[in-house]
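Please look over the sequence and the model before reading on.

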Amino acid sequence: MYRAVTRDIEVVVEPFYLEEQSNPEENRYVWGYRITIANESDGTVQLRARYWKITDGNGQIEEIRGPGVIGEQPVLNPGDSFQYSSGCPLTTTSGVMVGRYSMETETGKLFDIEIPAFSLDLPDQLRTLN
């Protein structure tokens, strides 16, 4: 589990390998990740946009920007949390993801919160097979 806190907003990431969606013979490795965003601040915020930097095992970088997450722009009141799951395919057996969310306060002020860097690694029992 990976964790970052920015301006009293916590982001926790739990990555996991999706063996059933992967195909090592075709250099396709897929990971899922579950993210929980918890608003521990005194104000209401809304997640407006995301930015991801994905680096595969060969050092190739892909950047992804877009509105919200999984088609949503959740509003988080103080004490609220929001959880979602998504995925990331790679052509290598490992990688690293890091990013940020653009948040908006009730008064319209934008600020970024950190998504902690997390590694995408094959489970130990599969490493020796690849």
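## Terms and basis

Two strands are said to pair if DSSP finds at least two bridges between them, and the strands themselves (E, at least two residues), like helices (H or I, at least four), are DSSP runs numbered from the N terminus. This is a predicted model, in which local features need pLDDT of at least 70, side-chain atom pairs count only at pLDDT 80 or more, and totals for chains, interfaces and linings use all residues. Residues are numbered from 1 along each chain as its sequence is written, and side-chain values use heavy atoms, with hydrogens and water left out.

## Strand 4 and its partners

Strand 4 (residues 45–56) is joined by seven bridges to strand 5 (residues 61–67), and these two run antiparallel. Ile54 has Glu62 of strand 5 as its bridge partner. The two strands form a hairpin with four residues between them, and Gly59 in the turn has a positive phi of about 85°.

Strand 4 also pairs in the antiparallel sense with strand 8 (residues 94–105), over 11 bridges, where Thr55 has Val96 as its bridge partner.

Four strands form an open sheet in the order 1-2-3-7, with antiparallel pairing. Strand 1 (2–6) and strand 7 (81–90) stand at the edges with a single partner strand each, so one side of each is left without a neighbour in the sheet.

Within this sheet, strand 1 and strand 2 (residues 9–17) pair over five bridges in the antiparallel sense, and Tyr2 has Val13 of strand 2 as its bridge partner.
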